[in-house]
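Reader: I'm new to this, so please pick the helix packing and take me through it up close. After that, show me what goes on around it.

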Amino acid sequence: MFNLPSLRLGRLFGIPLEINPTWLIIFVLVATSLSFAYFPGEFPDRAPAVNVLSGIITALLFFASIVAHELSHSLVARTGGIKVEKVTLFMFGGVAQMEEEPTSPVREFVMALAGPLASFVLAALFYLGYVVFAAAGISDVVWAPFQYLAFINFFVALFNLLPGFPLDGGRVLRAILWGITGDQLKATLWASRAGQFIGYTMVALAVLGVLGGSLDLIWFGLIGWFIAMIAEGSYRQQLLKATLEGVRVGSVMSPDPVIAPGAITLDRLAEEYFLGGRHSRYPVEVGGSVVGLVSLSDVKRVPRDEWATTTVDEVTDRDLARLLVDESAPAESVFSRLSATEPGALLVVRDGRLVGIITRADLVSRIRRASL
Ligand SMILES: [Zn+2]
């Protein structure tokens, strides 16, 4: 769902600002709850249209506050020499995408705190606006949004300071642990565990709420689930980076792969290679050179009664631009290529000659050995 193309609104301080279509869901939720629950509850005598208009404007100011929070992270990152790709609003709030991770614990600490600090400052400013306008006897239509925005920005700052990755507080925790132990991987593990704990606790609270007959916490639970997933993923990513750092494809691949001749039928391929062998993919050779890769799924796409009359050559994936990788390439770089469902394996070459085959399993077993 997050792969939907985002709409680019423009730039702020040179940083592109984007809106993902999923943001509309949360915008409508916030605007309707303000328009039809919060404001009518606080000001029952107002005309409904006033509450709706007030709800929409307040919701827009709330998301502008979120953008300010993300921009604060971004500007501090940029001062530290990290390139900021963009700031995106989506269904669970905002995210500032950096091109790289902070290189020192101090930098991460400062970057992480910059967001909540911005939210605290906004809370203070909105509160000041509320107090001044209310004291001056100006209509509640003007000060009520300020009152709400002061409260919500204060809440955003506190929530983001919860000490679990990927929340800002989790980054602060990671920076502190990283600074103390000097071990970024271990620090990420602990901060991610804390993030998973926070996320699953939120999910559990939402489930209890639903069992108790209240639907109020469903969104809260979804955010918790999202936090838990990211926490898990970020640790795996970090582990992957640490384990595969400096490792070349050539040292992880399975060397001297068994090659299937392109001229044999699928019947023979199934019997002699897939059934008898240990692999589910084979490089295919035609006229003395390797032309591509054949997998069990390529064969399965052909109806069973045509296997006796179809040759391997006919179903071979020949997209070499996608299938070949040099043995000197960094192992980390092929991970995402192998994570996709197809082709699931790459042909490893040295000086244009096939020397091995590398699968996701090869990488995973390498990572597993390292994490013991
Ligand atoms: Zn933040």
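Author: Let's start with how to describe two helices side by side: an axis is a line fitted to the C-alpha atoms, for helices over the stretch in contact, and angles run from 0 to 180 degrees between N-to-C directions. Helices (H or I, at least four residues) and strands (E, at least two) are DSSP runs, numbered from the N terminus. Keep in mind that this is a predicted model: local features need pLDDT of at least 70, side-chain atom pairs count only at pLDDT 80 or more, and totals for chains, interfaces and linings use all residues. Residues are numbered from 1 along each chain as its sequence is written.

Now find helix α2 (residues 48-79) and follow it to α3: their axes come within 8 Å and cross at roughly 145 degrees. Who touches whom? Two residues are in contact if their C-beta atoms, placed from the backbone, lie within 7 Å. On the α2 side, the residues include Ser65, Ala68, His69 and Val76, and they meet a set in α3 that includes Val110, Ala114, Leu117 and Leu122.

α2 has another neighbour. Its axis and that of helix α4 (residues 140-160) come within 10 Å and cross at roughly 35 degrees, again in a right-handed crossing. Here α2 brings residues including Ile57, Leu61, Phe62, Ser65 and His69, and α4 answers with a group including Ala144, Tyr148, Leu149 and Ile152. Look again at Ser65 and His69: they also turn up in the contact with α3.

Leu149 leads us to the inside. A residue is buried if 20 or more other C-beta atoms lie within 10 Å of its own, exposed if 12 or fewer, and partly exposed in between, with C-beta atoms placed from the backbone. A nonpolar core is a set of buried Ala, Val, Leu, Ile, Met, Phe, Trp, Tyr and Cys residues joined through C-beta atoms within 7 Å. The largest one here has 57 residues, and Leu149 is among those with the most contacts inside it, along with Phe126, Ala191 and Ile227. Helix α3 (residues 105-135) gives the most to this core, with 9 residues. Domain 1 (7-161) and domain 2 (187-245) both contribute, so the core lies between them. Those bounds come from an automatic or database domain assignment, and the C-alpha centres of the two domains lie 22 Å apart. Zoom in on Ile227: beyond its neighbours within four places in sequence, it contacts Gly164, Pro166, Leu167, Gly195, Ile198 and Gly199.

Finally, the strands. Two strands pair if DSSP finds at least two bridges between them. Strand β3 (residues 84-90) runs antiparallel to strand β4 (residues 93-98), with 6 bridges joining them, and a hairpin of 2 residues links the pair. Lys86 stands opposite Gln97 in β4. Strand β2 (residues 15-19) runs parallel to β3, through 3 bridges. Thr88 ties these partners together: it is the bridge partner of Glu18, and Val95 is its own partner in β4. Since 5 of the 7 residues of β3 are buried, β3 is largely enclosed by the rest of the structure.

Technical notes. Left-handed = near helix turned anticlockwise from the far one by under 90°.
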